Amino acid sequence: MAEWWASLTLIQKIFMYAAIPSSSMIILIGLSSVIGLGVEEIIDFDFDDPFELLNLKGLLAFFSIGGIIGYLLTTYNIPGILAIAGALASGTLAGKTVSKIISSMRSSEIDAKLNLNNAIGKKGKVYLTIPPNGEDFGKILIQFGGRLRELNAVSNCPSEIKTDDEVIVIDVNKNDMLIVEPATNYIKEKDFE
């Protein structure tokens, strides 16, 4: 490793100084997400940025991809100024792409919260058993807003609603949880009205 590092030119070392720490952070953030430590939520930050690049993950992508591409370009004897231009272009593209993905994920989370009332009257399927009498919440899978969503749900029914049972969303409570009841009960009651 020391031999490899000693063989690098100054510009290659600069590219590696950008790529190695940022790539390591990306790996650590990814591993913390898999393990469930939630580190990415603690260290993430955003700015009002017209270039859609200034958030932690966007900056990490910029330096990681830019550094790697810059280094690779110099290994093919591309002149330094062109390697820098290629690194800046590829880093900017990577940073913007990551930032747009994060932004779209956040907006879909916000849309789901803001539009829970759109789920009222829709059928869903219980994913995680819903306890009786609103004691605790379970989860349902429901198609609305153009996609399948997994959402928290409670029920006022006297018995639990088991996994794979069909339910109807009848309301949304103050904690942004869907209030559901078994689809069979709901349909029977509606038939008599």
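The legends below accompany close-up views of a predicted model.

**View 1. Confidence along the chain.** The chain has a mean pLDDT of 82, with 80% of its residues at 70 or more. Residues 45-49 form a stretch where pLDDT stays under 50, and the model gives this stretch nine contacts beyond four places in sequence. The pLDDT is also below 50 over residues 189-193, a stretch with one contact in the model beyond near neighbours in sequence.

**View 2. The closed barrel.** Five strands make up a closed barrel in the order β1-β2-β3-β5-β4, and their pairing is mixed. On average, neighbouring strands of this sheet are turned by 55 degrees against each other, direction ignored. In general, strands of a sheet pair through backbone hydrogen bonds, in either a parallel or an antiparallel manner.

**View 3. The pairing of β1 with β4.** Strand β1 spans residues 123-128 and strand β4 spans residues 166-172; three bridges join them in the antiparallel sense. Lys 123 stands opposite Ile 168 of β4.

**View 4. The largest nonpolar core.** This core comprises 15 residues, and those with the most contacts inside it are Ile 130, Ile 140, Ile 142, Val 169, Leu 178 and Val 180. At least two of its residues come from each of β2 (138-144), β3 (147-155), β4 and β5 (178-182). Another core, of seven residues, lies apart from it and includes Leu 8, Ala 19, Ala 83 and Ala 87.

**View 5. The surroundings of Ile 140.** Beyond its neighbours within four places in sequence, Ile 140 is in contact with several residues, among them Val 126, Ile 130, Leu 151, Val 167, Val 169, Leu 178 and Val 180. The contacts of Ile 140 also include Lys 125, Arg 149 and Glu 150.

Note on methods:
Residues numbered from 1 in each chain as written. Predicted model: local features only at pLDDT ≥ 70, side-chain atom pairs only at ≥ 80, totals over all residues. Heavy atoms only, no water. pLDDT = per-residue confidence, 0-100. Contact = heavy atoms within 4.5 Å. Pairing = 2+ DSSP bridges. Helix = DSSP H or I, 4+ residues; strand = E, 2+ residues; numbered from the N terminus. Axes fitted to C-alpha atoms, helices over the stretch in contact; angles between N-to-C directions. Core = buried A, V, L, I, M, F, W, Y, C linked by side-chain atoms within 4.5 Å. Buried < 20%, exposed > 50% of the residue type's maximum accessible area, 1.4 Å probe, protein only.
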